[in-house]
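Welcome! Please keep the picture at hand as you read.

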Amino acid sequence: MFDLIIRHANLPDGRRDIDIAILGQTIAAIAPGITAEARDTIDATGRLVAPPFCDPHFHMDATLSLGLPRMNRSGTLLEGIALWGELRPTLSREALVARALRYIDLAVTQGMGAIRTHVDTSDPRLVTVEAMLEVRDLVRDHLDLQIVAFPQDGYYRAPEGAASLTRALDMGVDIVGGIPHFERTMEEGRASVQALCRIAADRGLPVDMHCDETDDPMSRHVETLAAETIRHGLQGRVAGSHLTSMHSMDNYYVSKLIPLMAEARMNVIPNPLINIMLQGRHDTYPKRRGMTRVRELMAAGLNVSFGHDCVMDPWYSMGSGDMLEVGHMAIHVAQMASLDDKAAIFDALTVNSARTMGLQGYGLHKGAHADLVVLQARDPAEALRLKSVKLHVIRRGRIIAQTAPRIGALLIPGREALIDPATGFAPDY
Ligand code: FE2
């Protein structure tokens with residue numbers, strides 16, 4: 001007798017009509033036609049069942065603060081940073097916790113199972129860090145929250161940048177962050193990457209840096225990050241977030257850079273929604289897209305996962321907590337629209353991001369955590385196309401969120417019908 005069986009599911013790898021049996025907090029069996037009984041059953045006929053979405057790059061301390069203390073008029077990254085600098089002294093731990101919990105509630109209903117959040121350590125009060133450490137404990141049963149110490153105003157550029165980051169790590173922050181392109185000079189940027197990688201090596205921590213989030217084709221911090229990763233033996237434990245300068249770099253230089261990144265086994269985290277919104281702002285026409293070279297990085301064997309980055313904050317007034325929205329934008333900006341491309345993009349929102357985050361027990365196999373999402377879609381391509389409803393969200397064997405399917409009622413005389421956008425419309429392919 002199992003606790004829960006999801007019957008007749010489609011899986012992301014293309015298998016159809018599969019049953020998934022759950023015992024306690026674990027997947028006990030995945031096979032067609034499981035005959036055993038269960039206390040609960042979900043009929044997933046024609047529905048995609050996937051492991052949860054994981055967001056490897058977010059800013060939980062800024063989310064849902066849109067309009068505080070004012071709106072970003074120019075819409076640029078730099079005005080966003082300035083605006084955040086105005087808001088930061090007014091932040092309270094209580095308000096930060098409340099906003100983070102509201103966002104996590106939203107994200108969980110969209111099938112989110114894990115979030116890696118950067119937390120600004122520039123204000124020596126570190127109220128942001130205190131709040132996110134509290135949130136990490138509060139949400140443990142709903143979602144895995146990882147925290148990156150992020151020196152928003154610069155590790156060297158901010159008056160107490162280095163000391164505050166060290167204190168944040170001492171308080172229990174998981175990951176070392178950085179922002180080399182925001183340091184005063186290219187040289188100080190390089191020195192910050194070197195110092196931060198040394199700290200990570202000494203403390204046995206992973207690294208996740210905002211790196212070269214600029215349109216400057218001469219920004220070279222990705223190269224330094226890869227070299228320092230190899231120097232300290234941190235291969236596979238370092239992530240480069242954004243890497244937008246790679247969009248504008250000389251092709252010959254990139255032909256040398258990508259193999260270096262592969263040697264470092266760097267995890268690459270583009271943020272399609274924010275990159276397409278913030279990059280290319282100094283261009284007239286043609287305007288650059290600014291997202292890093294996703295197809296080429298994937299082809300070189302690098303682990304690419306996409307982040308949501310921002311939802312309703314000083315940098316981005318949009319966003320929904322739905323990683324399918326992120327993938328939808330990635331398909332367009334990277335021009336990756338074949339079936340294989342869409343499968344790769346779906347993986348980048350799920351298994352690749354779980355790998356970036358080093359999550360244990362993740363995936364669709366016997367013995368994995370029973371963390372699952374049932375979608376109103378037949379397959380990953382349809383889920384991305386429709387940004388499908390997440391019908392059931394399961395965490396450690398328990399259904400923790402449900403959403404009614406999106407069904408339209410057509411009332412035209414003679415054509416009356418209930419319309420499910422996920423069935424019966426697309427031809428078989
Ligand atoms: Fe970011």
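Look for Leu 243 in the loop between β11 (238-242) and α7 (245-248). Its phi is near 55°, a positive value in a residue other than glycine. Please bear in mind that this is a predicted model.

Most residues other than glycine have a negative phi, and most peptide bonds are trans. You will find Met 312 in the loop between β13 and α11. Is Met 312 buried or partly exposed? Its relative accessibility is 32%, so Met 312 counts as partly exposed.

## Two cis peptide bonds

Now turn to the peptide bonds themselves. Leu 68 and Pro 69 are joined by a cis peptide bond, with omega at about -10°. Pro 69 sits in the loop between β6 (53-58) and α1.

Another cis bond links Tyr 285 to Pro 286, and here omega is about 0°. Pro 286 belongs to the loop between α9 (272-278) and α10 (294-299).

## The iron site

Which residues hold the iron ion? The protein donors are His 57, His 59 and His 210, each through NE2, together with Asp 309 through OD. These donors lie 2.2 to 2.5 Å from the iron ion. Along the chain, their spacing reads H-x1-H-x150-H-x98-D.

The angles that the four donor atoms subtend around the iron ion run from 85 to 175°, and therefore the arrangement is irregular. His 57 is buried because its relative accessibility is 0%. His 59 has a relative accessible area of 7%, so His 59 is buried too.

Strand β2 (residues 18-23) and β3 run antiparallel and are joined by five bridges. Ala 21, for instance, has Ala 29 in β3 as its bridge partner.

## Salt bridges

Side chains of opposite charge can pair when their charged atoms come close. How many salt bridges does the structure hold? The count is 27. One of them brings together the side chains of Arg 88 and Asp 120, at 2.4 Å from N to O. Arg 88 lies in the loop between α1 (77-87) and α2 (93-109) and Asp 120 in strand β7 (residues 112-120), so this pair ties together parts that are 32 residues apart in sequence. Both Arg 88 and Asp 120 are buried.

Asp 322 and Lys 390 make another salt bridge, with 2.8 Å between the closest N and O atoms. This pair links distant parts of the chain, 68 residues apart: Asp 322 is in the loop between β13 (303-304) and α11 (323-333), and Lys 390 is in strand β15 (residues 390-395). Asp 322 and Lys 390 are both buried. There is also a network, in which salt bridges that share partners join Asp 144, Asp 371, Arg 395 and Arg 396. In the salt bridge of Asp 137 with Arg 140, the closest N and O atoms are 2.5 Å apart. Asp 137 is partly exposed because its relative accessibility is 46%, and Arg 140 is partly exposed because its relative accessible area is 48%.

## Helix α6 and its neighbours

Our last stop is helix α6 (residues 221-231). Its buried residues are His 221, Val 222, Thr 224, Leu 225, Ala 226, Glu 228 and Thr 229. What do the buried residues of α6 pack against? Their partners are α5 (186-203), β10 (207-211), β11 and α8 (251-263).

An α-helix has 3.6 residues a turn, so residues three or four places apart point the same way. After α6 comes Gly 233, which has a positive phi near 65°.

Key. Residues numbered from 1 in each chain as written. Predicted model: local features only at pLDDT ≥ 70, side-chain atom pairs only at ≥ 80, totals over all residues. Heavy atoms only, no water. Pairing = 2+ DSSP bridges. Helix = DSSP H or I, 4+ residues; strand = E, 2+ residues; numbered from the N terminus. Donors = N, O, S within 2.8 Å, 3.2 Å for Na, K, Ca; no water. Tetrahedral: all angles 85-135°; square planar, octahedral: opposite > 155°, others 65-115°. Buried < 20%, exposed > 50% of the residue type's maximum accessible area, 1.4 Å probe, protein only. Salt bridge = Lys/Arg side-chain N within 4 Å of Asp/Glu carboxyl O. Contact = heavy atoms within 4.5 Å.
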